[in-house]
Amino acid sequence: MFKKVLGTITIMGGMLVFFSNPVTTFADNLADEIAKGNPQVSEPIISNSSNLEITPETQSLIDNYVAESSDNQDTINEIIENCKQSGIISSQEMNKAISDFILSATIDPTQLEEALVSANELVNKSDSRVSTSRAAVDPIKLARSGWAAGIAIVRNEGYPNTAMYMKYAEVPSFLSPSPAKHVSNGNAWAKNVVSGNDILGSFYSEYKAWVRGTSKTKTIKGSFAFTSGDKYYALHNVKYSYSFVRQSNGSVKTTGVVTDVYDFAPSNYESIKVGFANNYAYAMQSLGLIKPFNIEIKHSF
């Protein structure tokens, strides 16, 4: 991980000349380092690796996970395919990899429920909806206009994904349900979040210990707080789950899922040049025009 420089000293014409050769360099992207795995490890190929079987218990977990969201099937299919391509994974090891991942990646519904309770309490405390018909200026229209202007400012300040989630949080009225789960799968944003140095760097030592060992699969889960940039404003505190499957040549196939609940907090936006934060954001919340929703970000490499 850290740059190591080995060199040689040669005497030329009475002068000491130092020649250096970098042996290893700091990885600009930990995803590359992780994908390399341990090339020194080689395993005998399992001849029937394409016929790996899923147990009824694992299938039940899969069914429940897919019932939560149909696109979860794609994630499970990727893990299954990683195991089949591995050539060294047994059915038992594949079932464990799938089960461990599902148990760590399943979204906890209580987080969104708590966010919704807080949002509804703010609406109930506000008399904005009662006074709408008597107001000379429609407060709903005014709030939406200000919110749209704020989104444009956030986007222009260089935070496109923050702006994306702000727009997605809008609902037609206070009676509307929360927006459906927002999923980013394999696009540039997903790659940036899942395979960026931020989260991967936080557990690299745990991964390194595994890849130097003999276990063929590994699931790592946890939480992480971004501290700057678009990821900080768009997500900030997230939960993650990664499935690692060793391949016969020592490389590693990775499937990662990052989850969060979008719940607009004006304090998180104060450092952006947005004067609307404490005004229109509060207005939109008190009118019930923006609501929390689940976020899921997936990427495989």
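Helix α3 passes helix α4 in a right-handed crossing, a term for a near helix turned clockwise from the far one by less than a right angle. Helices (H or I, at least four residues) and strands (E, at least two) are DSSP runs, numbered from the N terminus. The model is predicted: local features need pLDDT of at least 70, side-chain atom pairs count only at pLDDT 80 or more, and totals for chains, interfaces and linings use all residues. Residues are numbered from 1 along each chain as its sequence is written, and side-chain values use heavy atoms, with hydrogens and water left out.

**Helix pair**

α3 covers residues 72-86 and α4 residues 91-105; they pack at an angle of about 150 degrees, with axes 10 Å apart. Axes are lines fitted to C-alpha atoms, for helices over the stretch in contact, and angles run from 0 to 180 degrees between N-to-C directions. The angle therefore makes α3 roughly antiparallel to α4, a label for angles over 145 degrees. On the α3 side the contact (heavy atoms within 4.5 Å) is made by Thr-75, Ile-76, Ile-79, Ile-80 and Cys-83, and on the α4 side by Met-94, Ile-98, Phe-101 and Ile-102.

**Strands around β7**

Strand β7 spans residues 293-300 and pairs with β3 in the parallel sense over four bridges. With β6 (residues 252-262), β7 pairs in the antiparallel sense over eight bridges. Two strands pair if DSSP finds at least two bridges between them. Some bridge partners in β7 are tabulated.

| Residue | Bridge partner in β7 |
|---|---|
| His-182 | Ile-295 |
| Asn-185 | Lys-298 |
| Thr-259 | Glu-296 |

Seven of the eight residues of β7 are buried, that is, under 20% relative accessible area with a 1.4 Å probe and protein chains only.

**Nonpolar cores**

A nonpolar core is a set of buried Ala, Val, Leu, Ile, Met, Phe, Trp, Tyr and Cys residues joined through side-chain atoms within 4.5 Å. The largest has 44 residues, of which Tyr-207, Leu-235 and Ile-297 touch the most other members. Leaving aside residues up to four places away in sequence, Leu-235 touches Tyr-165, Trp-189, Val-193, Phe-226, Asp-230, Asp-260, Ile-295 and Ile-297. A second, separate core of 16 residues includes Leu-52, Ile-89, Met-94 and Val-257.

**Backbone at His-236**

His-236 lies in the loop between α12 (229-234) and β5 (237-246). The phi of His-236 is near 65 degrees, a positive value in a residue other than glycine. Most residues other than glycine have a negative phi.

Notes. Buried means under 20% relative accessible area, exposed over 50%, partly exposed in between (1.4 Å probe, protein chains only). Angles under 35 degrees count as roughly parallel, over 145 as roughly antiparallel, 65 to 115 as roughly perpendicular and the rest as oblique.
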